[in-house]
Amino acid sequence: MKLISQSIREQFQIVQFIVLFMKSIRILYYSTLGLIGGLSSWTILQSGFHAFDILSASDILGMNFIWANSFIYEGALIGLGLGMFLQARVSLWYHHDLVHILSKMFYGAIVGSATGILCFGLGQILQILYISPIISRLTSWTLLGLLFFLTTEYLSSHSRMFWPRIISGGIGGFLGGIIFELLMLYQISGPEHLYGLILAGISISLLIGMYENRATSFALRVLSGKQEGQIFLLDQHKFTLGHSSRNDFVLNGYAEVCNLHAHIYKKDNQVFIENEEEGSEILVNYRQIDQQAMKKGDVIKIGTALLQYYEI
């Protein structure tokens with residue numbers, strides 16, 4: 001018995017080390033995603049302005065008006081590039097299916113473009129009202145960071161950590177704007193703002209990643225089947241589990257798992273699990289439950305999937 005108990009403790013220590021390592025890797029992942037988003041924005045920006053150069057030269061009706069508002073047009077293209085990757089950050093991290101990832105990226109591109117137009121349009125209005133151009137541009141970047149995560153959190157009703165995450169995005173946008181302005185001021189922003197966009201993207205993405213890491217205090221580890229060994233970091237107040245790609249934690253390749261099977265939520269420093277769908281069956285330590293507070297080491301059975309609960 002002592003050997004079994006020691007083996008279990010060692011296993012828990014190993015998993016906790018892996019979870020802490022995952023949190024460190026996630027910071028690197030978010031930084032890389034921000035870098036890719038910034039690089040994507042720069043590429044789209046160059047292509048977009050090149051296209052409008054050609055169209056403006058052809059005297060097509062309306063092109064000169066759009067060109068006169070190039071600051072707003074620039075905001076739309078920056079928002080498109082950053083939004084495409086930041087919106088799909090969770091799906092990419094947990095290796096969701098390709099269709100789900102591409103749909104998230106498409107949605108992020110559309111919302112990012114609209115957000116960019118709104119934020120940089122406001123910056124343009126502030127400049128018209130004789131507000132300092134630097135303050136106007138910093139306002140645009142700050143709002144861009146805020147609205148990126150406002151749209152994400154609004155559609156993810158599971159979070160319940162609404163404002164802290166959004167404020168983190170705003171701080172990231174503000175810092176990104178400062179970096180962008182400093183690089184422009186000292187004329188080291190690279191070819192057409194390349195370095196500025198990359199560092200601004202990293203700043204926005206990194207701040208939200210740091211906040212999500214700080215909020216992570218629990219984890220689930222898959223013990224059986226196709227996803228065996230996968231660890232899911234619980235960094236929100238509420239999560240759904242099930243077969244559908246709409247869930248926070250998608251269980252693929254398991255029998256008897258409903259589309260929306262269960263949800264896990266935090267309340268008064270405790271974590272609860274309960275049925276989400278009528279007819280869905282959940283077992284905790286092989287006893288059927290409807291709702292139950294969890295403790296470290298609990299084994300959860302959802303359909304044919306076995307999961308274990310860890311506290312970090």
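Which residue just after H5 takes a positive phi? Tyr130 does, with a phi of about 70 degrees.

## Basis

The model is predicted: local features need pLDDT of at least 70, side-chain atom pairs count only at pLDDT 80 or more, and totals for chains, interfaces and linings use all residues. Residues are numbered from 1 along each chain as its sequence is written, and side-chain values use heavy atoms, with hydrogens and water left out.

Helices (H or I, at least four residues) and strands (E, at least two) are DSSP runs numbered from the N terminus. The expected span of a helix is 1.5 Å times one less than its number of residues.

Helix H5, residues 98-128, contains 31 residues. From first C-alpha to last it reaches 44 Å, close to the expected 45 Å. Buried means under 20% relative accessible area, with a 1.4 Å probe and protein chains only.

## Ser205 in H8

Helix H8 (residues 194-215) holds Ser205, which is buried at 0% relative accessibility. Beyond its neighbours within four places in sequence, Ser205 is in contact (heavy atoms within 4.5 Å) with Tyr30, Leu33, Gly34 and Leu86.

## The sheet

Five strands form an open sheet with mixed pairing, in the order E4-E3-E5-E6-E9. Strands E4 (249-250) and E9 (291-293) are at the edges with a single partner strand each, so one side of each has no neighbour in the sheet. Two strands pair if DSSP finds at least two bridges between them.

Strands E3 (residues 238-242) and E5 (residues 262-267) run antiparallel and are joined by four bridges. Phe239 has Ile264 in E5 as its bridge partner.

Key:
Buried means under 20% relative accessible area, exposed over 50%, partly exposed in between (1.4 Å probe, protein chains only).
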